[in-house]
Amino acid sequence: MSGSIEVRRLTTPQDLFQAAADEFIRSAAEAVQKRGRFTVALSGGSTPRNLFTLIAANAGNLPWSQMFFFWGDERHVPPTDPDSNYRMANESLLSKVAVPATNIFPVPAELPDAAAAAARYEQTLRKFFATDPGEVPRFDLILLGMGPDGHTASLFPETAALQEKSKLVVDNWVEKLGTSRITFTLPLLNAAGEVVFLVSGTDKAPALHEVLEGSGPTEKYPSKLVKPTDGQSIWFVDRAAASLL
Ligand code: 6PG
């Protein structure tokens, strides 16, 4: 099966979060039923907080002990930092559900060297998925957001990580932020069984139009480069974000 792209248009942000929560729960239940476990990489930023809160409130009967949590990207900060994607997910979801701590795999972003943190996380993934050399782990679900500049995960426009073709996780210097991020690479993102994008708000409308309908250079809109080779992409967008489609 080649990759498929689906756009689900919702009216309000709350409609979007509810629809995405329903898809998360569906995907998790299906994965556990078919494969005995659910592997998911969470996104960061602010949008997912509302999704995670909804999942925590609506998914009490999910098989949490068979669900395994990772992060598609992380800021180069300790897990206690207000900017930490792990901290946000732990506060809004993981601390509220019965997922065992051994099922949660934060990026070791507290390490002073971002490249070492990325390399260690890659080893964590390879060990967990028991991949052969050269094999790319296949997540059941990868959640992603999109910035107003078209970035996703920490793959920012015209940054070095966009060129990575063999590593699974890299440190990526982001000049405009003046910081390194730790991020999944395109080979890992595009090996997923399912990618779900959450895009909400007027400020995302120009980039969303370019990503879904434009013919501009993909380097300037990295989200255009995420198309699972043998999986599906579902874009959950609200009316404001979709206003230029
Ligand atoms: C991060 C995210 C990043 C995020 C976008 C959109 O670490 O910030 O992983 O890729 O998804 O910046 O963020 P919002 O959805 O909060 O606008």
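**Close-up views of a predicted model**

View 1. An oxygen atom of the ligand is 2.8 Å from an N or O atom in the side chain of His151. This is a predicted model, in which local features need pLDDT of at least 70 and side-chain atom pairs count only at pLDDT 80 or more, while totals for chains, interfaces and linings use all residues. Residues are numbered from 1 along each chain as its sequence is written, and side-chain values use heavy atoms, with hydrogens and water left out. Look next for Lys204, with a polar side-chain atom 2.8 Å from a ligand oxygen, and for Gly145, with a backbone N or O atom 3.5 Å from an oxygen atom of the ligand. These are polar contacts (pairs of N or O atoms within 3.5 Å; within protein, one must be able to donate a hydrogen and the other to accept it, and residues adjacent in sequence count only if both atoms are side-chain atoms).

**View 2. Two alanines with positive phi.** Ala153 has a positive phi of about 50° although it is not a glycine; its place is the loop between strands S5 and S6. Helices (H or I, at least four residues) and strands (E, at least two) are DSSP runs, numbered from the N terminus. Ala153 is buried, at 9% relative accessible area. Ala130 also has a positive phi of about 50°, and sits in the loop between helix H4 (114–129) and strand S5 (141–145). Ala130 is exposed, at 57%. Buried means under 20% relative accessible area, exposed over 50%, and partly exposed in between (1.4 Å probe, protein chains only).

**View 3. Helix H3 and its cover.** In H3 (residues 85–92), the buried residues are Asn85, Met88, Ala89 and Ser92. They lie on the same side of H3 because they cover an arc of only 95° around the axis, taken from the directions from the helix axis to the C-beta atoms. Their cover includes strand S2 (38–42), helix H2 (47–58), strand S3 (67–71) and strand S4 (73–75). At the start of H3, a side-chain oxygen of Ser84 comes within 3.2 Å of the backbone nitrogen of Tyr86.

View 4. Strands S6 (residues 169–174) and S7 (residues 179–184) run antiparallel, joined by six bridges; strands pair if DSSP finds at least two bridges between them. Val174 stands opposite Thr179 in S7. Four residues lie between the strands, and Gly178 takes a positive phi near 65° in this hairpin.

Notes: Contact means heavy atoms within 4.5 Å.
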